Amino acid sequence: MEPEEHIHISDDAAADPPPRGPRLICSNCTRPGPVCLCHSLPAQPIKTQTQIIILHHPHEANHKLSTTPILTKCLSNSTAIVARKLKPGLSPLLDQSPPAIYLFPPTKASPAVSLSDLPSSPVSKHSPQVLIAFDATWKHAREMIKASEGFLSTFASRVCLHVDESVSGGSIYDSELVLRKEPFGGCVSTMEAVARALGVIEPNGVEIEARLIRVLRDMVASQARYLKTPAKPRPKLLKKGKEKQQLKDESESVKESDRISGHEQL
C-alpha cells in the first residue's frame, strides 16, 4: 500500500472565500436576477399623450435604487436626460417651448400650483404636452431647479405634490412605495411623482397611475426582502455624533441589501 500523500493547505488559502462569478443581469429590465422585474413590467410600454422628460442627476443615474430606468421602460413617451440642468440645445422638444409643467415644491420666489388644483387652474387651459421631473437627492434637485429655472420660466409652470418640511419623511420601513429615507413628509420617488401627475393630466390617468404604482410596489417589495435591519426614523434635531452614527447604521443596512441582491458594484 502506497503511503498517503499529505497536502498542506495554508491558513491564508483556507480562509479565502471562493471567487464569485459575474452577476447575472436581466437583459430586459437590466436588474440583477434576484430582483428582476420583468414579470411586473407592461407587455408593451404604456402610451401617453404627455411627453415625459426626466432630468437625471449624474450621481443619481448611477444609483442602484433609482426608479427612472424602470419608469422609462414603462412609458413609451418618456426620455431620461443625464445632466445637472436644463438649457437650450439639450432637448429638441424643449427647445420648441411646448406647454409644460415641472414637478417641484414651491418657494417664496417661485410659487407652484398644487397637483390637486391643477384641473381648475389657468395652467390647465393649455393642456401640458410635456411633464418634466427631476431625479436627484433633495439637495441636488434644489440646485438643478435653480440652474434650470431661467430656461423653464419661458414656457413651463411649476406644479407640486403636497410636501410638509416640518415632518420627517418616510422610508422603506413604513411605506411600501419608498426605497430610501425621504427628507420630508410627502416626498416621493420620481416614479411615484410622475405616476401621480399622469393620474391627473392624462385622459385615462387613473389607470396609468395604478399600473405604474403596481410596478413600483413590486420593485420595492423585491428589494425589501434583502434589507437586513430596519433603520429607525431619523429625528430632525440630533447631536452631530449621534446623527453620523445613525447615518452609518442606515448605510450599512443598505450595503448589506445590495450585497445579497447582487446590486453591489464590482
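Modeller: Start with burial: a residue is buried under 20% relative accessible area, exposed over 50%, and partly exposed in between, using a 1.4 Å probe and protein chains only. This is a predicted model, in which local features need pLDDT of at least 70 and side-chain atom pairs count only at pLDDT 80 or more, while totals for chains, interfaces and linings use all residues. Residues are numbered from 1 along each chain as its sequence is written, and side-chain values use heavy atoms, with hydrogens and water left out.

Biologist: How many residues of helix α5 are buried?

Modeller: Helices (H or I, at least four residues) and strands (E, at least two) are DSSP runs, numbered from the N terminus. In α5, 10 of the 12 residues are buried. Elements covering them include β1 (51-56), α3 (68-74), β3 (100-103), β5 (130-135) and α6 (205-224).

Biologist: What is Thr68 in contact with, apart from its neighbours within four places in sequence?

Modeller: Contact means heavy atoms within 4.5 Å. With those neighbours set aside, Thr68 touches Ile54, His56, Ala80, Asp135 and Thr190. Thr68 belongs to helix α3 and counts as buried because its relative accessible area is 1%.

Biologist: Which way do the residues of β3 point?

Modeller: In a regular strand, side chains alternate between the two faces of the sheet. In β3, Ala100 and Tyr102 point one way, Ile101 and Leu103 the other, and all are buried.

Biologist: How many bridges join β3 to β5, and how many join β3 to β6?

Modeller: Two strands pair if DSSP finds at least two bridges between them. Three bridges link β3 to β5, and these strands run parallel; Tyr102 has Ile132 as its bridge partner in β5. Four bridges link β3 to β6 (residues 156-160), also running parallel, and there Leu103 is partnered by Val159.

Biologist: How many salt bridges does the structure hold?

Modeller: Side chains of opposite charge can pair when their charged atoms come close. The criterion is a side-chain nitrogen of Lys or Arg within 4 Å of a carboxyl oxygen of Asp or Glu. The structure holds three. In one of them, Arg196 pairs with Glu192, with closest N and O atoms 2.8 Å apart. Arg196 is partly exposed because its relative accessibility is 30%, whereas Glu192, at 7%, is buried.

Biologist: Are Glu149 and Arg158 buried or exposed?

Modeller: Both are buried. Glu149 and Arg158 form a salt bridge whose closest N and O atoms are 2.7 Å apart.
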